[in-house]
Amino acid sequence: MSVEVERKFVCNADTLKTLEEIGAVCLAQREFKDQYFDSPTFDLTLRDVWLRKRKGCWELKCPTSAGETEEASGGPSEAAAAALCSRYREITDLPDIQQRVREELCGDGERSASPPADDDDDESWPSGMNLRCFAEFTTVRRSFALEEDGVQVDLDQADFGYSVGEIEVLVPEGGDVQSALEKIGRTAQKLGVASDQRVEGKMNVYLKRNHPEHYARLLSAHVL
Ligand code: V4E
């Protein structure tokens with residue numbers, strides 16, 4: 001399991017040129033469809049837990065637990081830069097995902113010795129937990145590697161007409177989140193995207209347009 005630390009930025013026609021100038025190497029361009037799942041009353045996303053299927057694989061992003069991303073405090077400018085970054089734990093192992101989802105939905109912290117039959121079925125387990133797809137969109141992503149160790153920049157174009165850039169560092173379990181924040185800050189400076197404004201992700205924009213009531217609830221719950 002790892003923690004994804006990332007900062008979103010507004011990309012424009014100059015971003016590709018700047019990436020080239022700072023020596024970024026294009027790793028790949030790929031297209032993928034994301035399907036996000038939740039209960040009818042949105043119990044997962046209201047807890048900032050995001051379950052999705054991407055390229056046939058299940059992924060869960062959830063808040064990091066207390067102490068998991070302990071960071072040096074630094075000065076006010078470091079704190080402001082850190083506030084522009086999100087940190088989410090990423091789970092990709094299906095039994096771990098199912099266990100965490102079960103915990104979130106029914107507070108069942110115990111790993112069942114024998115999970116319900118549907119859990120074994122890669123396709124039907126969500127409906128067995130009363131989860132249904134509430135968002136579906138396709139993204140064209142261009143990924144770049146930077147000289148700065150472990151930093152990746154993604155330029156995303158979603159099929160509903162929204163583009164966004166992301167600077168991200170994957171921190172392995174117990175790894176140094178503070179160093180990831182510093183790398184992201186330096187990369188934002190180099191790219192000239194170090195504004196103090198939080199930039200909306202694809203899901204924010206998708207929900208605002210397609211599920212405005214749920215979007216408003218997520219804002220009230222300080223999830224978005
Ligand atoms: C909405 C959300 C999550 C779902 C995934 O969002 P995002 O990271 O934007 O997707 P994507 O496609 O870039 O995933 P990746 O390929 O990088 O894994 S996870 C957390 N949130 C909430 C959230 C938030 N509170 N603030 C911001 C700026 N973004 C997302």
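I began with the shell around the ligand: β1 (2-9), β3 (50-54), β5 (86-91), β8 (162-172) and α6 (202-210) each supply at least two residues to it. I note here that the model is predicted.

**Entry 1, the ligand.** I looked up which residues surround the ligand. There are 19 of them, and the closest are Arg52, Arg54, Lys61, Glu166 and Lys202. I then went through individual distances. In the side chain of glutamate 166, an N or O atom is 2.2 Å from an oxygen atom of the ligand. For lysine 202, a polar side-chain atom lies 2.7 Å from a ligand oxygen atom. With tryptophan 50 the ligand atom is a nitrogen, and the distance to an N or O atom of the side chain is 3.4 Å. On its own the ligand has 640 Å² of accessible area, and the protein covers 95% of that. I also looked at the pockets: the largest pocket is the space taken by the ligand.

I located aspartate 154 in strand β7, which runs over residues 151-158. Is aspartate 154 buried or exposed? Its relative accessible area is 0%, and the limit for buried is under 20%, so aspartate 154 counts as buried. I then asked which side chains its own side chain meets in polar contacts. One is glutamine 152, at 2.9 Å. Another is arginine 141, where the polar contact between the side chains is 3.5 Å. I listed its contacts as well, leaving aside neighbours within four places in sequence. They are Arg141, Arg142, Ser143, Val164, Gly165, Glu166 and Glu168. Glu166 is in that list, and I had already noted Glu166 among the residues closest to the ligand.

I looked for backbone angles to note. Most residues other than glycine have a negative phi. Asparagine 130 has a positive phi, near 65 degrees. I found asparagine 130 in the loop between α4 (125-128) and β6 (132-145). Histidine 222 also has a positive phi, near 60 degrees. Histidine 222 lies in the segment after α7 (212-220). Why does histidine 222 count as exposed? Its relative accessibility is 70%, and exposed means over 50%, so histidine 222 falls in that class.

Conventions. Residues are numbered from 1 along each chain as its sequence is written. This is a predicted model: local features need pLDDT of at least 70, side-chain atom pairs count only at pLDDT 80 or more; totals for chains, interfaces and linings use all residues. Side-chain values use heavy atoms; hydrogens and water are left out. Helices (H or I, at least four residues) and strands (E, at least two) are DSSP runs, numbered from the N terminus. Buried means under 20% relative accessible area, exposed over 50%, partly exposed in between (1.4 Å probe, protein chains only). A polar contact is a pair of N or O atoms within 3.5 Å; within protein, one must be able to donate a hydrogen and the other to accept it, and residues adjacent in sequence count only if both atoms are side-chain atoms. Contact means heavy atoms within 4.5 Å. A residue is near a molecule or strand if one of its heavy atoms lies within 4 Å of it. Accessible areas come from the Shrake-Rupley method with a 1.4 Å probe; for residues, only the protein chains shown count as cover. On a 1 Å grid over the protein atoms alone, a cavity is a set of points where a 1.4 Å probe fits but cannot get out, and a pocket is an open set with protein on both sides within 12 Å along at least five of seven lines; lining residues have an atom within 4 Å of a point. A molecule sits in a cavity or pocket if more than half of its atoms lie within 2 Å of its grid points.
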